[in-house]
Amino acid sequence: MTEIFHYTFMQNALIAGILVSFAAGIVGSLIVVNRLVFLTGGIAHSSYGGIGMALYFGLPIFLGASLFSVGAALLIAVLTFRRRHRSDTYIGLIWAVGMAIGVIFTDLTPGYNTDLMSYLFGSILAVSREDLWFMGFLLLLVLLTVHRWYRPILAMSYDAEYAELRGIPTRRFYTLILVLSALTVVVAIKVVGLILVIALMTIPTHIAERCTRSFYAMMIFSGILASLFTLVGLMLSYAYDLSSGASIILVAAAGLGLFEGGRTLIAGRS
Amino acid sequence: MKLLEVEKVSFSYDRERALEEVSFSLQEREFLAIIGPNGGGKSTLLKLIMGQYEPQEGQIRVLGKSPRQAREEIGYVPQNTHVNLEFPIRVLDVVMMGNPKRHEGQTLLERLFPIRYNEIEKRCAYSTLEKVGMQDYLDRRIGDLSGGQRQRVMIARALCAHPRLLILDEPTSSIDAEGQEQIYRLLKELSREMGVLVVSHDLSVITRYADKILYLNRRAYLHDLQANPIHLDTPEGEHFCEVEMMQMLGAQNCNCELHRDSKESS
């Protein structure tokens with residue numbers, strides 16, 4: 001099995017997997033505790049619009065998808081602040097419209113386009129060196145942001161009402177989290193694809209939340225778990241010639257199943 | 001200077017009047033309880049005092065300043081402490097949320113990346129937790145505490161800012177009778193150092209601990225318990241309903257509008 005480390009594309013895949021998983025674990029913690037999972041799902045799907053437009057205009061995929069998904073995140077944030085109780089309507093709307101835009105622009109793009117599936121479900125073996133730089137930059141951005149504003153983000157995530165009373169600009173921080181999750185979704189497109197990314201952001205987080213005593217530990221542990229699932233998933237996908245994104249997600253799901261089963265057993269014994 | 005001065009404050013939502021010409025004041029080291037039916041304007045009044053809403057008529061002063069300017073002088077304990085019990089957060093972290101002096105004693109690195117607490121901050125958190133008797137729970141997860149313990153932590157969080165006015169919204173709504181008694185004893189103690197304003201339904205407890213009672217039902221009626229004490233002879237743990245309470249207050253020969261109404265009708 002060690003021969004997989006000799007291929008450049010496999011090395012790139014492993015590095016990409018770790019970088020993206022760590023970012024997904026941290027940002028996933030932010031969206032889970034702030035109940036922004038569905039919102040992030042909407043942003044993830046709508047980012048396909050950016051991919052379609054990037055293909056049509058001949059821009060780099062990451063650039064097009066980043067601009068589009070950050071735009072979608074800001075739009076959802078503004079709409080949600082205006083009418084909080086219709087938030088899920090706006091999310092569903094942006095979700096579908098973004099994807100429709102992507103499909104139409106792909107149609108309009110001349111030439112052979114079979115890549116749709118790879119964006120939706122990931123194609124980690126096609127990660128280039130430039131992609132790695134972009135992923136590394138995003139992880140750095142996530143780490144710096146979370147460290148710089150750890151306390152207000154913690155306060156808001158635990159008790160938004162109180163945080164607001166203490167003068168913390170919660171709306172600005174919600175928007176910040178949404179922008180980070182939009183960018184995380186984009187870098188995760190290559191690894192697990194934009195449909196499966198939500199699982200990578202929530203499954204490790206869900207386990208980490210119950211094993212840790214502080215939010216900081218939760219984010220770190222969640223990042224480590226996500227990396228672990230990704231590595232195991234990649235190995236399996238290589239060994240049995242399976243799709244990498246789906247393998248990663250099912251490994252994560254199996255991890256969650258084991259965790260829950262173990263907990264039930266322990267609880268049953270004591 | 002009065003700690004809190006509410007002067008002829010009126011407030012409406014759309015067309016519905018929530019508060020009408022509400023006036024009362026609170027001195028330092030006074031313990032005021034606000035009672036009244038649901039929808040009587042209690043939450044609205046709290047939001048006004050904390051500067052979340054602006055009064056449409058009249059004015060509110062906290063230590064001579066507007067509520068927004070006086071934000072640092074007010075400590076707040078919300079009604080619902082059962083929020084986010086799954087959230088991995090220690091008692092220490094919750095208490096530190098109340099600390100307004102974010103940069104005190106921090107080095108540049110700590111200021112840029114404020115993950116850990118320095119000694120000054122820890123000491124501040126420890127001393128407020130000591131005040132509410134929770135100093136041994138510093139490292140516990142907040143979700144593992146009982147309702148009463150959690151309520152104490154929330155009070156410690158509010159005390160962390162060294163407020164001159166402590167506001168609590170139904171602090172014992174989800175706590176058993178014994179825990180209730182302990183919380184009110186604690187509040188009584190705290191009212192030796194600061195003004196305490198509590199919204200509550202626990203009448204039998206209030207009448208033993210508060211200095212004044214404000215009955216709020218769109219309009220406000222103030223009853224001074226120190227001048228006219230009320231003795232509710234009920235078995236331990238039983239509650240008076242507010243109607244009975246107001247009849248009791250009426251019997252105290254208080255000459256305000258509400259009591260005249262209730263006398264005429266009875």
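A cavity is, on a 1 Å grid over the protein atoms alone, a set of points where a 1.4 Å probe fits but cannot get out, and its lining residues have an atom within 4 Å of a point; a volume is the space filled by probe spheres set on the points, which are joined across faces, edges and corners. The model is predicted, with local features needing pLDDT of at least 70 and side-chain atom pairs pLDDT 80 or more, while totals for chains, interfaces and linings use all residues. Residues are numbered from 1 along each chain as its sequence is written, and chains are lettered from A in the order in which they are written.

**Exercise 1.** Describe the largest cavity and its lining.

*Solution.* Begin with the search of the whole structure, which finds three cavities of 30 Å³ or more. The largest cavity has a volume of about 110 Å³. Next, list its lining: Tyr162, Leu165 and Arg166 of chain A, with Met50, Pro67, Arg71, Ile74 and Tyr76 of chain B. Finally, sort these residues by class, which gives six nonpolar, no polar and two charged.

**Exercise 2.** Describe the contact between chain A and chain B.

*Solution.* Count first: with contact meaning heavy atoms within 4.5 Å, chain A gives 27 residues and chain B gives 37 residues. Then take the buried area (accessible area, 1.4 Å probe, lost on putting the two parts together, summed over both), which is about 2900 Å², with 57% from carbon and sulfur atoms. Of the area that chain A buries against chain B, Arg151(A), Tyr158(A) and Arg166(A) supply 32%, more than any other three residues.

Conventions. Side-chain values use heavy atoms; hydrogens and water are left out. On a 1 Å grid over the protein atoms alone, a cavity is a set of points where a 1.4 Å probe fits but cannot get out, and a pocket is an open set with protein on both sides within 12 Å along at least five of seven lines; lining residues have an atom within 4 Å of a point. Ala, Val, Leu, Ile, Met, Phe, Trp, Tyr, Cys and Pro count as nonpolar, Asp, Glu, Lys and Arg as charged, and the others, Gly among them, as polar.
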